[in-house]
Amino acid sequence: MARALQLAEHGLYTTTPNPRVGCVLVKDGVVIGAGWHEKAGKPHAEINALSSVATIVGAGGTAQAGSAANMGTAQGTTAYVTLEPCSHHGRTPPCADALIAAGITRVVVAMQDPNPLVAGQGIERLRAAGIAVDCGLLENEARELNIGFVSRMTRGRPWLRMKVAMSLDGKTALANGQSQWITGLDARRHAHGWRARSCAMLTGIGTVRDDNPRLNVRDIDTPRQPLRVVVDSRLEISPEAAILAGGNCLIACAVSNPEKEAALRRQGADIVILPNPHGKVDLPALMKELGKSGINEVMAEAGLKLNGSLLREACVDELLIYQAPVLLGDAARGMADFGELTELTAAKRLRIVESRPVSADFFIRARFA
């Protein structure tokens, strides 16, 4: 199963909106096939594993490459799959049926599929066919790999990570807005890894004005760029903003401005109008809208105002903090403005998930306790 999870990671940047899934086939203690899901619309991990089944086993218990013609040799095999095999017709036929047809005798599943179209039905179909099924092996690892897919299936919204580059005293920019660069090159490259796995990047109009960012992936080899989402309540963004280059951009606003909308659409941007009662963008509604579009993971790189709003409206699931060994002083800007706290009991408590140095800087990944 650990190997199946490693294989699933090959789809880290490509499977959206589908989950990342790996499959390993074992017969008489030898791996005879393996595969992973590469992209929506292409064969799922189980089909790729069955298609790879070899008739020749090499030294050290490693199977040589096979072909679809050898799928019949999977008879009597145990399949290790990181996610419950699907039981419905989507873009591809049900994987549960393929495993049954191939003569698989046992299936070990890391976790049940949270998709309501599956949700245990794949396991039931396998068992009804006389196949032994065990579920729960390395379940936590499998869930982490697809945490955004699980979030979208169970909450109707993506998993949102807020990335912050800050000084040792918690400042993210000078008072004049200058923020490039607080952290070093290696920390920025590390952050691009998180960008690459994200389905969408989220920022605010303030950051667009101050930094004119592209918010694309540059330091990681990836076959696709995430959607860029700009929260711009009054639709102030310039059609010449760098973030609009190449299209694949969504502007979330709270007002209608047909002339400005037309100019932005000519640049390849889409517009969604989601006002809240205060004339701002309804952020929870935006998260739901992204979920409906098949967005699993979102990474926010914004300023203290949007960061504060995202935190205040409970849209943030995880913090990615890159802390540099510098001091910027009290006049510099903080990471988030979510209002004054008058009691320590009101503090937003976090649980550290990961912490480590990244060259001269320090990386902290934290979730709300």
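Biologist: Which residues of α9 are buried?
Modeller: In this predicted model, the buried residues of α9 are K260, E261, A263 and L264. They lie on the same side of α9, because the arc they cover around the axis is only 160 degrees. An α-helix has 3.6 residues a turn, so residues three or four places apart point the same way. The buried set is therefore one-sided, and its members are K260, E261, A263 and L264.

Biologist: Which residues are exposed on the other side of α9?
Modeller: The buried side of α9 is covered by elements that include β10 (249–253) and β11 (269–273). On the other side, the exposed residues are P258, E259 and R266.

Biologist: Is E261 buried or exposed, and what is its relative accessible area?
Modeller: E261 belongs to helix α9, which spans residues 258–266. Leaving aside residues up to four places away in sequence, E261 touches L235, V255, S256, I271 and I273. Buried means under 20% relative accessible area. E261 therefore counts as buried, with a relative accessible area of 8%.

Biologist: Which residue just after α9 takes a positive phi, and of about how many degrees?
Modeller: Helix α9 covers residues 258–266. Just after α9, the residue with a positive phi is G268, at about 95 degrees.

Biologist: What is the volume of the largest cavity?
Modeller: Rolling a probe the size of a water molecule over the atoms shows where empty space is left. The count of cavities of 30 Å³ or more comes to one. The volume of the largest cavity is about 40 Å³.

Biologist: How do the residues lining the largest cavity divide by type?
Modeller: The lining of the largest cavity consists of T15, T16, N18, P19, R20, N146, G148, F149, N296 and E297. By type, these lining residues divide into two nonpolar, six polar and two charged.

Biologist: Where is V21 found, and what is its relative accessible area?
Modeller: V21 is found in the loop between α1 (2–8) and β1 (22–27). Not counting residues up to four places away in sequence, V21 touches A8, G35, W36, H37, A45, V81, T82 and L83. V21 is buried, and its relative accessible area is 9%.

Biologist: How many Å apart in space are V21 and G193?
Modeller: In sequence, V21 and G193 are 172 residues apart. From C-alpha to C-alpha, V21 and G193 are apart in space by 19 Å.

Notes:
Residues numbered from 1 in each chain as written. Predicted model: local features only at pLDDT ≥ 70, side-chain atom pairs only at ≥ 80, totals over all residues. Heavy atoms only, no water. Helix = DSSP H or I, 4+ residues; strand = E, 2+ residues; numbered from the N terminus. Buried < 20%, exposed > 50% of the residue type's maximum accessible area, 1.4 Å probe, protein only. Contact = heavy atoms within 4.5 Å. Arc of directions from axis to C-beta. 1 Å grid on protein atoms, 1.4 Å probe; cavity = no way out; pocket = protein on both sides within 12 Å on 5 of 7 lines; lining within 4 Å. Points joined across faces, edges and corners; volume = space filled by probe spheres on them. Nonpolar A, V, L, I, M, F, W, Y, C, P; charged D, E, K, R; others polar.
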